[in-house]
Amino acid sequence: MKPMYMLQSEGEIPKSCRDYLAALTCKESTKRGIVWQLETLLCFIAERGIGKFGQLTITIIEEFFKREYERRRKRSNPLCRNTVIYVRQYLSFLYRQQKIDFNPSVTLFTPAAQHKNAPVCFTEQEMQAIIFVIDRASIKGKRDYAILIIASHTGLRCCDIIDLCFEDIDWQRLEIHLNQSKTGKQINLPIDREVATALSDYILHARPETEDRHIFIRIQKPYRGMQSTGCGNNIMLAYVKKAGIHYRPFDGKRFHALRRTLASNMLAQSIPLTTISQVLGHSDMDSAKAYLSLSHSELSLCCFSLAPFLKARE
């Protein structure tokens, strides 16, 4: 049985799910993931004839996690980390509302942290090679050049660059003002002469005539804003190949690497992590700490001397 809009069904448990979702302040994309997990949970307990809070026990929840593990064990994330996190947060909501008598923060295990590779960025030589192979005399080249220059100079995510509208650019102050689609956080960024020149060259000499307010427009008709899903990576991959840069599937050398490259360059200039976090528009400064692994000088500060442990050879 697949989840089929169980959240809209009658009963105290589905209603509590709706109340929980209404109280969330996270972004819509995150909320969609939570909705799916709650739908899956509701489907599971409905199959077992559970409709009251008093029937919802820790044993039932553990059975649900085991079922989800078996369903996903052949996938890349068999521990269902998001399932555990989202369901436990919902159960904590019920516990605070005194709907259930067990504390999920104590009785449910915490999923192990996911293994994360060190962030990947482009070297200065690779960036020069990518920019060099762009045909800046063509319509597509002017557009792609402007997109990549904005990304490499401001650290904006692809989705935010693609969604840029004319009203987001303050040409008098040379600033970009926008609400980030990922975090919902408002950010104001200065743009330098190179970014302003690339933008104006595209707008004046390459952008198709259209009433669409988005700055970046499709090359082919119908002339409208670009689709943000995957287009940045497609653009980046094309020029990475053309520049002869070695890459492998899932090696991180994609559009988002431009954001990491900017962070790496700022670290190399000894710019504080707090400033880097503000420039990148992180909602939490901890998000910027991953970029420390890109700086050998910063990593060296974490090393301990082995001198006290060395013994003279007898």
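This briefing covers a strand hairpin and the aromatic contacts of the structure above. The model is predicted, so that local features need pLDDT of at least 70 and side-chain atom pairs count only at pLDDT 80 or more, while totals for chains, interfaces and linings use all residues. Residues are numbered from 1 along each chain as its sequence is written, and side-chain values use heavy atoms, with hydrogens and water left out.

**Hairpin**

- Strands β2 (residues 175-179) and β3 pair in the antiparallel sense over 5 bridges, where pairing requires that DSSP finds at least two bridges between the strands, and strands are DSSP runs (E, at least two residues) numbered from the N terminus.
- Within this pairing, N188 in β3 is the bridge partner of H177.
- The hairpin formed by β2 and β3 has 6 residues between the strands, and G184 in the turn has a positive phi of about 75 degrees.
- Strand β3 (residues 186-190) has I187 and L189 on its covered face, whereas Q186, N188 and P190 lie on the uncovered one.

**Aromatic pairs**

- The structure holds 5 aromatic pairs, counted for rings of Phe, Tyr and Trp (its six-membered ring) with centres within 6.5 Å; planes under 30 degrees apart count as stacked, over 60 as edge-to-face and the rest as tilted.
- Y202 and F216 form a stacked pair, at 5.4 Å centre to centre and with 25 degrees between the planes.
- Both Y202 and F216 are buried, meaning under 20% relative accessible area with a 1.4 Å probe and protein chains only.
- One aromatic cluster is formed by Y20, Y90 and F93.

Key: Buried < 20%, exposed > 50% of the residue type's maximum accessible area, 1.4 Å probe, protein only. Helix = DSSP H or I, 4+ residues; strand = E, 2+ residues; numbered from the N terminus.
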